[in-house]
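This report describes selected features of one protein chain. Look at the sequence and the structure first, then read on.

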Amino acid sequence: MSSFDAILTQELADLEARHLRRRLQGVEAVLPGGKIRVDGQILLNLSANDYLGLATEPRLIGAAQEAAARWGVGSTASRLIVGTLALHQEVEEAVAAFKGTARAVLFNSGYAANVGVIAALVDRGDVIFSDKLNHASIIDGMRLAAAAFYRYPHRDLNRLEDLLRQHRQARRRLIVTDSVFSVDGDLAPLRDLVALKERYGAWLMIDEAHGTGVFGAKGAGVAEAQGLCEAIEVQMGTFSKALGSFGAYVAGSAPLIEVFHNRARSFIYSTALPPPVLGAMRAGLEIVQQEPARRRYLLDQASLFRQRLQEGGLPTLTSESQIIPVLVGDNARALAYAAALRQRGLMAVAIRPPTVPPGGARLRFSLSAAHEAEELAQAAQTIVQVGQELGVGAR
Ligand SMILES: *Cc1c(COP(=O)(O)O)cnc(C)c1O
């Protein structure tokens with residue numbers, strides 16, 4: 001073996017020894033009812049982000065096919081060159097109407113949005129304040145910005161206020177938070193964040209990747225549910241989770257959106273989203289607004305599921321969404337838990353450091369409106385039983 005491969009192989013072996021090595025798991029088929037086939041076995045998929053079951057919805061598939069037939073499968077250029085099709089503009093207008101903002105802009109993914117947006121808004125001499133449990137794409141976005149950044153303890157408004165006070169002199173201050181935290185499944189204290197940013201003259205950016213389609217009367221997110229859309233300067237969200245397809249948006253004022261057209265490098269230097277994706281985006285936005293029963297069912301089921309796990313003695317942390325973690329702690333035990341569930345027909349991936357803090361390994365269950373109530377009840381029972389066998393949650 002070349003020394004190049006030997007060095008990398010050693011690195012992988014080190015990860016293996018700490019139970020931190022990750023491997024790709026191929027999915028052989030996507031089946032109705034929120035199920036998948038893996039290695040010949042049919043599993044209830046409790047690890048996907050397809051919260052409303054739209055990824056396989058015939059109306060989204062049809063819209064994607066229609067857009068491809070009419071516009072082709074590629075957008076042929078980046079947005080500022082000749083990649084802005086009428087379809088991009090239609091979807092952006094639909095997002096602005098959905099979010100109740102003046103304008104909106106699409107990004108190629110949630111990751112691309114977060115790495116582009118932050119650096120477009122803050123520079124040297126500015127300061128960013130970020131919740132410690134924010135998504136990795138926000139962290140990467142902060143690394144790309146020349147501004148200083150501080151990570152405050154999860155949902156700790158006192159610490160955030162101290163930081164805001166200490167940095168009164170900074171040119172611009174930007175607070176960034178997930179609205180629904182992706183591994184704990186809890187919500188940001190948006191109302192208090194809005195009050196704080198107003199008191200200190202800071203700006204607020206929220207990431208509604210897990211909130212869009214799930215929270216709010218229209219499904220526009222946690223900001224909508226709490227009546228705060230107008231108070232939040234930068235509202236980012238994705239089409240890749242509850243909306244069933246791919247891509248992301250940022251909604252806000254007209255000058256905000258034009259600043260992104262001019263300064264967000266991930267927007268400027270990447271080929272525009274392709275027509276089939278835009279077709280699916282548009283159909284997803286319509287269905288989410290027309291069919292609120294999907295999200296009501298999802299949140300009702302999530303609350304039942306959480307209650308069943310808690311009654312079974314499992315620690316579900318502070319979850320209050322369709323994302324329900326069970327804290328295990330030890331990496332090897334989290335892997336054993338996931339493997340035992342898989343033998344019983346449940347797909348739930350163990351989330352380990354660095355995605356979570358050291359000692360914070362867990363299973364993360366994400367529910368979908370595609371799941372039958374009966375099957376979720378059965379799944380909760382299995383999870384409790386296996387958890388008890390493995391001593392999860394025991395003191
Ligand atoms: C999934 C996720 C993203 C990334 O979105 P993609 O469209 O998958 O790139 C960003 N932020 C949060 C909070 C997420 O959960």
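Asp-39 sits in the loop between β2 (35-38) and β3 (41-45). The model is a predicted one. The phi of Asp-39 is positive, about 50°, although Asp-39 is not a glycine. Most residues other than glycine have a negative phi. Asp-39 counts as exposed because its relative accessible area is 58%, and the cut-off for exposed is over 50%.

Thr-76 also has a positive phi, near 75°, and is a residue other than glycine. Thr-76 is placed in the loop between α2 (58-71) and α3 (79-83). With a relative accessible area of 69%, Thr-76 is exposed.

Another backbone feature is found at Pro-353 and Pro-354, which are joined by a cis peptide bond with an omega of about 10°. Most peptide bonds are trans. Pro-354 lies in the loop between β13 (350-351) and β14 (361-366).

**Domains**

How is the chain divided into domains? The domain assignment gives domain 1, made of residues 21-50 + 292-390, and domain 2, made of residues 58-290. The centres of domain 1 and domain 2, taken over C-alpha atoms, are 27 Å apart.

**Salt bridges**

Side chains of opposite charge can pair when their charged atoms come close. In this structure there are 23 salt bridges.

| Glu-16 | Arg-23 | 3.2 Å |

In the salt bridge of Glu-16 and Arg-23, Glu-16 is partly exposed at 38% relative accessibility. Arg-23 is exposed, with a relative accessible area of 57%.

Glu-375 is partly exposed, with a relative accessible area of 26%. Lys-35 also counts as partly exposed, at 23% relative accessibility.

Glu-291 lies in the loop between α12 (275-290) and α13 (292-311), while Arg-59 lies in helix α2, so the pair ties together parts that are 232 residues apart in sequence. At 23% relative accessibility, Glu-291 counts as partly exposed. Arg-59 is partly exposed as well, with a relative accessible area of 41%. Both residues belong to a network of salt bridges that links Glu-57, Arg-59, Glu-291 and Arg-294.

**Aromatic pairs**

How many aromatic pairs does a search of the whole structure find? The search finds five. One of them is the pair of Phe-107 and Phe-267, with ring centres 5.9 Å apart and 65° between the planes. This pair is edge-to-face, because planes over 60 degrees apart are counted that way. Phe-107 is in strand β4 (residues 103-107) and Phe-267 is in helix α11 (residues 265-268), so the pair links distant parts of the chain, 160 residues apart.

Phe-129 is in strand β5 (residues 127-131) and Tyr-150 is in strand β6 (residues 148-152), 21 residues apart. Phe-129 is buried, with a relative accessible area of 0%, whereas Tyr-150 is partly exposed, with a relative accessible area of 31%.

Ring pairs also build a cluster, which consists of Phe-107, Phe-260 and Phe-267.

Which residues make the nonpolar surface patch of about 320 Å²? The patch is made by Phe-4, Ile-7 and Leu-8. Leu-8 is found in helix α1 (residues 3-17). Leu-8 is partly exposed, with a relative accessible area of 38%.

Definitions and conventions: Residues are numbered from 1 along each chain as its sequence is written. This is a predicted model: local features need pLDDT of at least 70, side-chain atom pairs count only at pLDDT 80 or more; totals for chains, interfaces and linings use all residues. Side-chain values use heavy atoms; hydrogens and water are left out. Rings of Phe, Tyr and Trp (its six-membered ring) pair if their centres lie within 6.5 Å; planes under 30 degrees apart count as stacked, over 60 as edge-to-face and the rest as tilted. Helices (H or I, at least four residues) and strands (E, at least two) are DSSP runs, numbered from the N terminus. Buried means under 20% relative accessible area, exposed over 50%, partly exposed in between (1.4 Å probe, protein chains only). Patches are made of residues with over 30% relative accessible area and no salt bridge: like charges are joined within 9 Å, nonpolar side chains (Val, Leu, Ile, Met, Phe, Trp, Tyr) within 5 Å. Accessible areas come from the Shrake-Rupley method with a 1.4 Å probe; for residues, only the protein chains shown count as cover. A salt bridge is a side-chain nitrogen of Lys or Arg within 4 Å of a carboxyl oxygen of Asp or Glu. Domain bounds come from an automatic or database domain assignment.
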